[in-house]
Amino acid sequence: MYDEWTAVKQKFPYGSTVNGTVEEVAPFGIFISVEGLQLSGAFADVAGMHHGGADGYTVIWPEVGDSVTGVVVEHTERNYQLKLHLR
(Lines give C-alpha, C1' and ligand atoms only; values in the text may rest on other atoms or scores of the structure.)
Protein backbone atom coordinates (compact mmCIF):
# COMPACT_ATOMS: atom_id res chain seq x y z
CA MET A 1 0.00 0.00 0.00
CA TYR A 2 2.87 2.36 0.81
CA ASP A 3 4.30 2.07 -2.71
CA GLU A 4 0.89 2.83 -4.26
CA TRP A 5 0.43 5.91 -2.07
CA THR A 6 3.95 7.10 -2.91
CA ALA A 7 3.09 6.77 -6.61
CA VAL A 8 -0.12 8.79 -6.11
CA LYS A 9 1.81 11.59 -4.40
CA GLN A 10 4.32 11.65 -7.24
CA LYS A 11 1.59 11.68 -9.90
CA PHE A 12 -0.35 14.45 -8.09
CA PRO A 13 2.17 16.75 -6.36
CA TYR A 14 1.16 19.90 -4.48
CA GLY A 15 -0.21 22.48 -6.90
CA SER A 16 -1.21 19.99 -9.58
CA THR A 17 -4.65 20.12 -11.15
CA VAL A 18 -7.00 17.17 -10.62
CA ASN A 19 -10.27 16.37 -12.39
CA GLY A 20 -12.83 14.12 -10.75
CA THR A 21 -16.45 13.30 -10.09
CA VAL A 22 -18.35 14.08 -6.90
CA GLU A 23 -19.14 10.78 -5.15
CA GLU A 24 -20.60 12.02 -1.87
CA VAL A 25 -21.66 15.32 -0.36
CA ALA A 26 -21.32 15.78 3.41
CA PRO A 27 -21.97 18.82 5.63
CA PHE A 28 -18.21 19.39 5.96
CA GLY A 29 -17.15 18.87 2.33
CA ILE A 30 -17.27 16.55 -0.67
CA PHE A 31 -15.62 13.26 -1.57
CA ILE A 32 -14.33 13.02 -5.12
CA SER A 33 -13.33 10.04 -7.21
CA VAL A 34 -10.35 10.64 -9.47
CA GLU A 35 -9.73 8.48 -12.51
CA GLY A 36 -6.68 6.33 -12.04
CA LEU A 37 -6.77 6.42 -8.23
CA GLN A 38 -7.62 2.97 -6.92
CA LEU A 39 -6.10 3.26 -3.46
CA SER A 40 -7.32 6.71 -2.56
CA GLY A 41 -9.65 9.47 -3.54
CA ALA A 42 -9.85 13.16 -3.03
CA PHE A 43 -11.64 15.43 -0.60
CA ALA A 44 -12.51 19.13 -0.64
CA ASP A 45 -13.62 20.65 2.66
CA VAL A 46 -15.80 23.73 2.95
CA ALA A 47 -12.74 25.99 3.20
CA GLY A 48 -11.54 24.68 -0.14
CA MET A 49 -14.85 25.16 -1.97
CA HIS A 50 -15.61 27.83 -4.56
CA HIS A 51 -17.34 30.90 -3.11
CA GLY A 52 -19.69 33.10 -5.08
CA GLY A 53 -23.11 34.68 -4.87
CA ALA A 54 -23.92 38.35 -4.46
CA ASP A 55 -21.94 38.58 -1.22
CA GLY A 56 -18.94 36.59 -2.51
CA TYR A 57 -19.08 34.34 0.56
CA THR A 58 -21.75 31.82 -0.42
CA VAL A 59 -20.28 28.31 -0.78
CA ILE A 60 -21.08 26.77 -4.15
CA TRP A 61 -21.82 23.09 -3.47
CA PRO A 62 -21.51 20.68 -6.39
CA GLU A 63 -23.90 17.72 -6.50
CA VAL A 64 -23.23 13.99 -6.69
CA GLY A 65 -22.19 13.14 -10.24
CA ASP A 66 -20.88 16.63 -11.05
CA SER A 67 -17.45 16.95 -12.63
CA VAL A 68 -15.08 19.12 -10.61
CA THR A 69 -11.55 20.46 -10.97
CA GLY A 70 -9.31 21.24 -8.06
CA VAL A 71 -5.74 21.93 -7.02
CA VAL A 72 -3.88 19.56 -4.68
CA VAL A 73 -3.11 21.38 -1.42
CA GLU A 74 -2.34 18.42 0.84
CA HIS A 75 -1.58 14.70 0.88
CA THR A 76 -3.52 13.28 3.83
CA GLU A 77 -1.39 10.38 5.04
CA ARG A 78 -3.79 8.83 7.57
CA ASN A 79 -6.45 7.99 4.97
CA TYR A 80 -4.50 8.23 1.72
CA GLN A 81 -6.48 11.12 0.27
CA LEU A 82 -5.65 14.11 -1.84
CA LYS A 83 -7.04 17.29 -0.32
CA LEU A 84 -8.23 19.75 -2.96
CA HIS A 85 -9.28 23.35 -3.28
CA LEU A 86 -11.89 23.51 -6.00
CA ARG A 87 -11.78 25.97 -8.86
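Is Phe-31 buried, exposed or partly exposed? Phe-31 is partly exposed, at a relative accessible area of 25% (buried is under 20%, exposed over 50%, partly exposed in between, with a 1.4 Å probe and protein chains only).

## Ground rules

This is a predicted model, so to speak a calculated one: local features need pLDDT of at least 70, side-chain atom pairs count only at pLDDT 80 or more, and totals for chains, interfaces and linings use all residues. Residues are numbered from 1 along each chain as its sequence is written, and side-chain values use heavy atoms, with hydrogens and water left out.

## The aromatic cluster

Rings of Phe, Tyr and Trp (its six-membered ring) pair if their centres lie within 6.5 Å; planes under 30 degrees apart are stacked, over 60 edge-to-face, and the rest tilted. That rule gives 4 aromatic pairs. One of them is Phe-28 with Phe-31, which is edge-to-face because the centres sit 6.2 Å apart and the planes are at 90°.

Phe-28 also pairs with Phe-43, with ring centres 5.9 Å apart and planes at 40°, so this pair is tilted. Phe-28 is in the loop between β1 and β2 while Phe-43 is in strand β3 (residues 41-45), so the contact ties together parts 15 residues apart in sequence. As for cover, Phe-28 is partly exposed at 48% relative accessibility, whereas Phe-43 is buried at 12%.

## How β1 pairs up

Strands here are DSSP runs of E, at least two residues, numbered from the N terminus, and two strands pair if DSSP finds at least two bridges between them. Strand β1 (residues 17-26) runs antiparallel to β6, with 5 bridges; Asn-19 has Thr-69 in β6 as its bridge partner.

β1 is also joined to strand β2 (residues 29-33) by 5 bridges, again antiparallel. There, Thr-21 is partnered by Ser-33, and a hairpin takes β1 into β2 through 2 residues.

## Out on the surface

Val-25, Trp-61 and Val-64 make a nonpolar surface patch with about 260 Å² of accessible area together. Areas come from the Shrake-Rupley method with a 1.4 Å probe, and for residues only the protein chains shown count as cover.

Val-64 sits in the loop between β5 (58-59) and β6 (67-76) and is exposed, at 55% relative accessibility.

Definitions and conventions:
Patches are made of residues with over 30% relative accessible area and no salt bridge: like charges are joined within 9 Å, nonpolar side chains (Val, Leu, Ile, Met, Phe, Trp, Tyr) within 5 Å. A salt bridge is a side-chain nitrogen of Lys or Arg within 4 Å of a carboxyl oxygen of Asp or Glu. Helices (H or I, at least four residues) and strands (E, at least two) are DSSP runs, numbered from the N terminus.
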